[in-house]
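Here are my notes on the model, as numbered points. Have the structure open while you read.

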Amino acid sequence: MARRDFYDALGVERSATPDEIQSAYRRLARSFHPDVNKDPAAEDRFKEISEAYDVLSDPDLRRRYDQFGHDFRQVPEGADPRTYARSGAAGGGRAGRSDGDWYTTGAGGEVDLEDLFGDLFGGGRRRTWGSIPGADQEVEITIPIEEAFRGGSRTITLSGADGSRTLDVSIPAGVTDGQRIRLSGQGGHGTGQGPPGDLYLVVRLAPHPRYRAEGRDIHLELPLAPWEGALGATLAVDTPGGETKVRVPAGTSSGRRLRLRGRGLPNPRGEPGDLFAEARILVPATPSDEERRLFEQLARTSTFDPRRSNR
């Protein structure tokens, strides 16, 4: 039977990038490794995809494979694919083309298996069958918005088949909801000589009674007394970054958003987010006698009608 094309063995296009080739190999290797797949054919399939990855992950070997197909190891360096094919494999052999790959055989149609596989198992780049890179892992962590603003550190415990382990991790200032923090080499263990995978911490911001984050922007409600909205005021407001002053323009009604530039979540690589304070006019639930008298006086003297006003 004809050997399967290496690209077909990995299930990738001939134009696949190195990252796509590596990703396909990792996925297939985890499925067909004999330690996890007891199907009698799994070991042969694992060797097939490992050989394909060995070749296609090496730029020079991949170039020669693309030119000469499976017999690229027998072809002298510098040989032109078409000239080599027309010459009968440089010495009485026959050459042709099958499924887009150049192929050659020795005299009499015999193939020297020792020569064919010599470069694969001896000298050159030796592969240890059974070495699989560890899987990347994801873990969600939930932090308060104040910690997202200033950064901090966390101790997390991971449980797995090989027991539990504890990691001390740093939370960078300005991390946003859904952002991933990569911990190189802290993922799943590799098999054999395979390197470990990476661990990704997926950050979630905990609900807060006062603040709401949208990307790097922070939103909060700004309660105002009726006279503060009508006359204007300068108020102290608590934010995740500490207390700041907000100037409320005269004539502010509920729903008006006051923007404080740069007071949102910091951005290590660019502009920080903004803080938006949304005005909300409140009235006393149980006004005192004097407050009631003043409100009644205002009602008699004011011509303002909120149901007809354009403001």
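1. Start with β12, which has a covered face made by Leu258 and Leu260 and an uncovered one with Arg257 and Arg259. Strands here are DSSP runs of E with at least two residues, helices are H or I runs of at least four, and both are numbered from the N terminus. In a regular strand the side chains alternate between the two faces of the sheet.

2. A word on ground rules: this is a predicted model, where local features need pLDDT of at least 70 and side-chain atom pairs count only at pLDDT 80 or more, while totals for chains, interfaces and linings use all residues. Residues are numbered from 1 along each chain as its sequence is written, and side-chain values use heavy atoms, with hydrogens and water left out.

3. Who sits beside β12? Strand β13 (residues 275-281) pairs with β12 in the antiparallel sense over four bridges; pairing needs at least two DSSP bridges between two strands. Leucine 258 has alanine 277 as its bridge partner in β13, and arginine 257 has glutamate 278.

4. Zooming out, these strands belong to an open sheet of four, in the order β8-β9-β13-β12, with mixed pairing. β8 (211-214) and β12 (257-260) stand at the edges with a single partner strand each, so one side of each has no neighbour in the sheet.

5. Now the cores. The largest nonpolar core has 32 residues, and Ile156, Leu201 and Leu222 touch the most other members. Such a core is a set of buried Ala, Val, Leu, Ile, Met, Phe, Trp, Tyr and Cys residues joined through side-chain atoms within 4.5 Å; buried means under 20% relative accessible area, exposed over 50%, and partly exposed in between (1.4 Å probe, protein chains only). A second, separate core of 22 residues includes Val12, Tyr25, Ala29 and Phe68.

6. Helix α3 (residues 42-56) is mostly covered, with eleven of its 15 residues buried. Among them are Phe46, Ile49 and Tyr53.

7. Finally, the structure holds 18 salt bridges, meaning a side-chain nitrogen of Lys or Arg within 4 Å of a carboxyl oxygen of Asp or Glu. Glutamate 140 and arginine 204 form one, with the closest N and O atoms 3.4 Å apart. Glutamate 140 lies in strand β3 (residues 137-143) and arginine 204 in strand β7 (residues 199-205), so the pair ties together parts 64 residues apart in sequence. Aspartate 198 and arginine 182 meet in another at 2.9 Å, N to O; aspartate 198 counts as buried at 12% relative accessibility, whereas arginine 182 counts as exposed at 52%.

Definitions and conventions:
Expected span 1.5 Å × (residues − 1).
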